[in-house]
Amino acid sequence: MIKILFFAALREQLGCAEVELVHTKAKTLADVRNQVLDLHPEWREYLANEKLLAAVNHILVRLDHVVNEGDEVAFFPPVTGG
Amino acid sequence: MISIQVDDFDVGTEYTALTEKDVSAGAVVIFVGKVRELSVQKKIHGLVIEHYPGMTEKSLRAIAEQAQQRWALQSWRIIHRVGSLQLGDKIVLVGASSRHREDAFAAAEFMMDFLKNSAPFWKKELTDEGEIWVEAATKDVAAVERW
């Protein structure tokens, strides 16, 4: 199972804070995103935004990052702290 | 030490904590970031800061570790508030102490530049026209590249 979290403006655009992929053949983060879009095609406009950042297990990564069972994935807009 | 908290912090207390019992540090640099009016057109009632619990701490720790590897720091401190804030409130404190000022200045600025770019916080303005997420500034992206 892979948990996927959404934050800030993205969460509001999707109307969803979290999804779980129970059975996944996803190898990379791009695969995870595509699988989520298969489940929610109406999210494409927001989730395919190139400006989005992504993290796996709390580390910022690119879309080609390898994802494993049990990982925690997060997608979010560019950060605005400080 | 890193703190992510709802409550306000006191700069004097943090200065003391950075320098207590340390007679070899000749320089202490403390940066404080505050909530400012981002747009004169909108009337801003306040700000809400969201974060990603778990990743926020890890991200700030990684930034502090990089700073310690690059500069000779005696001590350092990062505090970032989350939740509801008002105009003029303190949001963030980044502090560093070192024997000489070059290290403390550079490390504090480095930590702020990287915090602005990679630490998972998001600000939302509460205005007369509704709630508006603040957009990331391109100058912040450019700032990290100079390090």
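How much area is buried between chain A and chain B, and what part of it do carbon and sulfur atoms give? In this predicted model, local features need pLDDT of at least 70 and side-chain atom pairs count only at pLDDT 80 or more, whereas totals for chains, interfaces and linings use all residues. Residues are numbered from 1 along each chain as its sequence is written, and side-chain values use heavy atoms, without hydrogens and water.

The buried area (accessible area, 1.4 Å probe, that two parts lose on being put together, summed over both) is about 1,800 Å² between chain A and chain B, with 61% given by carbon and sulfur atoms. In chain A, the most area is lost to chain B by H58(A), T80(A) and G82(A), together 38% of what that side buries. Contact (heavy atoms within 4.5 Å) links 20 residues of chain A with 25 residues of chain B.

Two salt bridges are counted between the chains, a salt bridge being a side-chain nitrogen of Lys or Arg within 4 Å of a carboxyl oxygen of Asp or Glu. E12(A) pairs with K124(B) in a salt bridge, with the closest N and O atoms 2.6 Å apart.

D71(A) is situated in the loop between β4 and β5 of chain A, strands being DSSP runs (E, at least two residues) numbered from the N terminus. Leaving out residues up to four places away in sequence, D71(A) touches M1(A), I2(A), K3(A), V56(A), N57(A) and V66(A).

Note on methods: Chains are lettered from A and ligands numbered from 1 in the order in which they are written. Helices (H or I, at least four residues) and strands (E, at least two) are DSSP runs, numbered from the N terminus.
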